[in-house]
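The entries below follow the order in which I looked things up.

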Amino acid sequence: MFSKILIANRGEIACRIIQTAHRMGIRCVAVYSDADRNARHVAMADEAFRLGPAPSSESYLKTDLIIDVALKSGAQAIHPGYGFLSENTGFAEACEANNLAFIGPPASAIAAMGSKSAAKAIMEEAGVPLVPGYHEADQSPDRLRAEAEKCGFPLLLKAVAGGGGKGMRVVESIDEFDEALAAAKREAKNAFGNPDMLIERYLTQPRHVEIQVFCDQHGNAVYLAERDCSVQRRHQKVLEEAPAPGLSPETRKAMGEAAVRAAQAIAYVGAGTVEFLYDVDESFFFMEMNTRLQVEHPVTEMITGQDLVEWQLRVADGEPLPLAQDQVRTRGHAMEARIYAEDPDQDFLPATGTLRYLRTPDENTHVRVDTGVVEGDEISIHYDPMIAKLIVWDENREQAVNRLVHALENYRIAGVKTNIRFLHALADSQPFREEELNTKFIADHQNLLFPPPKLDLHKALVLAAGFILRQRRSIQTESADRWSPFGRQNSWRMNSEFAQPLQLQVGDERHDLKVLERDDDYQVYVGDSVYSLNARLDDDHLQARINGHRLSVHGYLHDDQLVLFHEGDTFTCRLFRETFETEDLAAEGSLTAPMNGTVVALNVKPGDRVKTGQTLVVMEAMKMEHAIKAGADGVISEVFFREGDLVSEGNELLAIEIPKEEPAP
Ligand code: MV4
């Protein structure tokens, strides 16, 4: 077995590979871009080498540099993960040429799946079912038109060089054919540099069912059940599960054996996936073969109890497959949800930012989290926006769905927008629970996937008040003398003049709350209503009772922004601090910004003499102006910002020299 491997990847899959390699006693060399200097995969590896700047083209796609690092570090093999160089024939060949084992298939097998029409010809020869249609070389419009009529309508034009859903066009009738063909060819030429088309009968309600295959270097091949990946959004997988619900043992066997024939037809070695379209009448058709370990491989691991990365390492080292086909067993049901940094409310626009608060569900036999990030990490524009994969397992699908829904409720992120709420709505929806799986699921159920908030506004505001006051009190009691009678608030202060005001902004709306408090109990006035609240805060966990309704939420307060997490949903509001209504006196030698905001007026310059009470700087935050005044007479020695600058809480704004004593006249 190898004693040292290089992982030519980043993020969760790099971490995933390192985990198995370490368990097997194999040392790991990581590579990283400047953006990933402090990334989890770098920290986990035994050593790591810088590749270059953040863009993939200058780092993770640098074939020669990665080979050099592997040779320099003494690694005997390279695991490419998925994406990046994993299906790059040049990279596989470069490994071979440098006597490094490529932990993946031979370059020839990768190349064989590069063209859709060539792949279909190979599969036809191997007896793998194909969607009826045409995939020959003759691209004359007359021939294509004749083949279209033979195929029948609706049909699908697919670019020979396309993949992953790019370059497809549905044609409903022969009248549309010529125009659709011309347009599809133009698109394919532009997108792939190859205008060639193939024709397929169009399946209107297909499912995406894929078979995990594995082949060793000795001609052995097995299939490890299937995955259903039908729930997709714009050809991006969202939820995957294994086994495929409703698949009969006969179909599973037929599909598995077809997949093995597919792999053997191209002399495959290692982990591969054969994708099928699975139709409502249980027929299935070859779609494409992915010549790598796939993102969703964990669901197969969960139901087979096998570690596919371990299999990859053994096969790459020349060992035979760990199991024969009749030793492969599955148990229970597994699901994977892909947690992305994206904003479902803005058409799933990728989101960036810092993972300020990140809590994951506890891992056990039922719950697994594959991730490459930790709290505090940055999600940048440079790479895939996937934050993590949440994988669950249980004895049957119904229980697995419950596990998934529950685990999503315990996956909490603040600082970066995510699709967690969307995933929660999807997993918890009736049609998903009822196995209504097909590739149009998300498009067909928009109403269910963007539900209104479960908490009503008043309850959310009352919880927010409880969280803020409890957190404030825990900070006060930490710092103050906890035995002092003055620190205790043990009587209702019934005069509403003594009620604490609390201003919370939700979206563009500002809500003025008033709160009376005694011990753990509060009376919260919101609008014309009053709520009795009992609240206990344990770290980030708030247990509240509002008018007798017990609720459990988690919260994160940062920069006057509070995020509450409740049953997969989040509630965000901004807190106006009392300091915003007061003035800060600059008594010290330097002056710092009291909050995040903008410098709207800078009334002084270096050398200016200032008098106590004089306004030096005006800041604006959350539509309120805040004057910063001199707390003593002095001279401005330095100014660190200009008008219009954005500053963060704690940033030094300016420096004042305050004479110890006025010089004698
Ligand atoms: C199809 C199809 C219906 N009929 N082919 C999309 C990705 C590409 N690899 C093949 N795809 C499809 N091919 C025929 N003859 C429907 C799709 C399809 C799809 C397939 C799997 C998962 C999601 C999908 C979403 C839209 C369309």
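In which sense do strand E20 and strand E22 (residues 386-394) pair, and over how many bridges? I found that E20 and E22 pair in the antiparallel sense over 5 bridges. Val369 stands opposite Leu390 in E22. I count two strands as paired if DSSP finds at least two bridges between them. Helices (H or I, at least four residues) and strands (E, at least two) are DSSP runs, numbered from the N terminus.

Basis of the entries. I worked from a predicted model, in which local features need pLDDT of at least 70 and side-chain atom pairs count only at pLDDT 80 or more, while totals for chains, interfaces and linings use all residues. Residues are numbered from 1 along each chain as its sequence is written, and side-chain values use heavy atoms, with hydrogens and water left out.

Entry on the antiparallel sheet. I traced an open sheet of 8 strands in the order E14-E13-E10-E11-E12-E15-E22-E20, with antiparallel pairing. Strand E14 (284-290) and strand E20 (367-371) stand at the edges with a single partner strand each, so one side of each has no neighbour in the sheet. From one strand to the next the twist averages 25°. Axes here are lines fitted to C-alpha atoms, for helices over the stretch in contact, and angles run from 0 to 180 degrees between N-to-C directions.

Entry on strand E10. I examined E10 (residues 207-215) residue by residue, with buried meaning under 20% relative accessible area (1.4 Å probe, protein chains only). Of its 9 residues, 9 are buried, so E10 is largely enclosed by the rest of the structure. Arg207, Val209, Ile211, Val213 and Cys215 point one way, whereas His208, Glu210, Gln212 and Phe214 point the other way.

E10 pairs with strand E13 (residues 270-278) in the antiparallel sense over 9 bridges, and Arg207 stands opposite Tyr278 in E13. Strand E11 (residues 221-233) is joined to E10 by 6 bridges, also antiparallel, with Ile211 opposite Glu226 in E11. I noted that E10 and E11 form a hairpin with 5 residues between them; Gly219 in the turn has a positive phi of about 90°.

Entry on the parallel sheet. I found an open sheet of 5 strands in the order E3-E2-E1-E4-E5, with parallel pairing. Its edge strands are E3 (47-52) and E5 (101-102), each pairing on one side only. Strand E1 (residues 4-7) and strand E2 (residues 27-33) run parallel and are joined by 4 bridges; Leu6 stands opposite Val29 in E2. Helix H1 (residues 11-23) lies across E1, E2 and strand E4 (77-79), running at about 170° to E1.

Key: Buried < 20%, exposed > 50% of the residue type's maximum accessible area, 1.4 Å probe, protein only. Contact = heavy atoms within 4.5 Å.
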